[in-house]
Amino acid sequence: MNEHILIVEDEEKLARFIELELAHEGYEVTKAFDGRIALETAEKNDYSLILLDIMLPELNGLEVLRRLGKTKKTPVILLTARDAVMDKVAGLDAGAVDYITKPFAIEELLARIRVALKLHGSGAGDGRGDAGNEQAEGVLTWKELVFDEPKHRVTYAGHEINLTNREFIMLKVLLENRDVVLSRDTLLEKVCGYDYMGETNVVDVYVRFLRSKIDEEFNVKMIQTVRGVGYVIKSE
C-alpha cells in the first residue's frame with residue numbers, strides 16, 4: 001500500500017495512537033501539530049489523504065482546509081469534538097470529504113479512510129440519470145432554471161444563483177432524478193459518497209439552503225418533501 005496520510009492533531013498522544021494504527025494497516029504517516037505547519041507541509045508535499053482536527057493552534061482546521069483547497073485536491077477527513085450540525089456542514093462546504101466526531105472508535109476511522117481513498121477521483125454522484133432530462137451535454141432545466149454543469153453555473157430566469165459545491169451536487173442529483181423520491185440515505189450516498197457514515201439530517205440542512213436560494217427567492221415550489229421518505233423535484 002502506497003497511501004501517505006498526513007495527521008494534523010495537536011493532542012500528541014492521540015496523534016501517536018492514530019499513527020501507530022495507520023502504520024499497522026500499512027499506511028505511510030506524517031504528523032503535524034498546529035495549523036500553520038500543517039498548511040505548509042500539505043502545500044509542499046503530496047498526500048493521499050489528510051486527517052485534520054478543527055481545533056488547532058496557530059490556524060484552525062477550517063481555515064487550513066479553505067486555504068489548501070485553492071492549490072490542492074487532497075481528500076480531507078475532519079476530526080472534531082464539535083457535534084453541531086452546522087459545524088459539520090461548514091467543514092463539508094469548505095471541501096472536506098467526511099468528518100468524524102471525537103471520541104471515535106479506531107475501526108470507524110479506518111473504515112472512513114478506506115471509503116475516502118476509494119472515492120477520491122472516482123466522481124461519486126455523477127450518474128447521468130434519465131437522458132430525457134438533459135437539454136444539452138451537462139445541462140439540465142426545470143421551468144426557468146438552467147443547471148449548467150460544464151460552466152458550474154445555475155440561473156433562474158437569467159438570474160445567477162450562487163451555490164456551494166455540496167448544494168450544486170445535491171441540486172444536480174435531484175434534477176437528474178426528477179419524479180423519483182430520493183431518501184436521505186440515498187442523497188447522502190450520492191452527494192457525500194458511497195457508504196458515507198455521516199448523519200442524514202445534514203441533507204435537511206442542504207435542502208433548506210437550496211430552498212432559500214431558489215424556492216423562496218423566485219417564489220416557486222421546486223424541491224418537495226415526501227413525508228417519511230425523502231425529497232423530489234417533480235417535472236413541470
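Helices (H or I, at least four residues) and strands (E, at least two) are taken here as DSSP runs, numbered from the N terminus. I am working from a predicted model, where local features need pLDDT of at least 70 and side-chain atom pairs count only at pLDDT 80 or more, while totals for chains, interfaces and linings use all residues. Residues are numbered from 1 along each chain as its sequence is written, and side-chain values use heavy atoms, with hydrogens and water left out.

**Entry 1**

I began with Lys143, which sits in the loop between β7 and β8. Its phi is positive, about 50 degrees, although Lys143 is not a glycine. I looked up its accessibility next: at 46% relative accessibility Lys143 counts as partly exposed. For these labels, buried means under 20% relative accessible area, exposed over 50%, and partly exposed in between (1.4 Å probe, protein chains only).

The two strands form a hairpin with 2 residues between them. I checked the pairing, which requires at least two DSSP bridges between two strands. β7 and β8 (residues 145–148) are antiparallel, with 4 bridges. Val139 has Asp148 of β8 as its bridge partner.

Then I checked the faces of β7 (residues 139–142). Val139 and Thr141 lie on one side, Leu140 and Trp142 on the other, and all are buried. In a regular strand the side chains alternate between the two faces of the sheet.

**Entry 1: helix α5**

The 14 residues should span 20 Å, and the end C-alpha atoms are 20 Å apart, so the two agree.

How much of α5 is covered? I found 10 of its 14 residues buried. Among them are Ile106, Leu109, Leu110, Arg112 and Leu119. The partners are β1 (4–8), α1 (12–24), β3 (49–53), β4 (76–80) and β5 (98–101).

The peptide bond from Lys102 to Pro103 is cis, with omega near -5 degrees.

I also noted Glu58, placed in the loop between β3 and α3 (61–68). Its phi is near 75 degrees, a positive value in a residue other than glycine. Is Glu58 buried or exposed? Glu58 is exposed, with a relative accessible area of 58%.

Notes. Expected span 1.5 Å × (residues − 1). Contact = heavy atoms within 4.5 Å.
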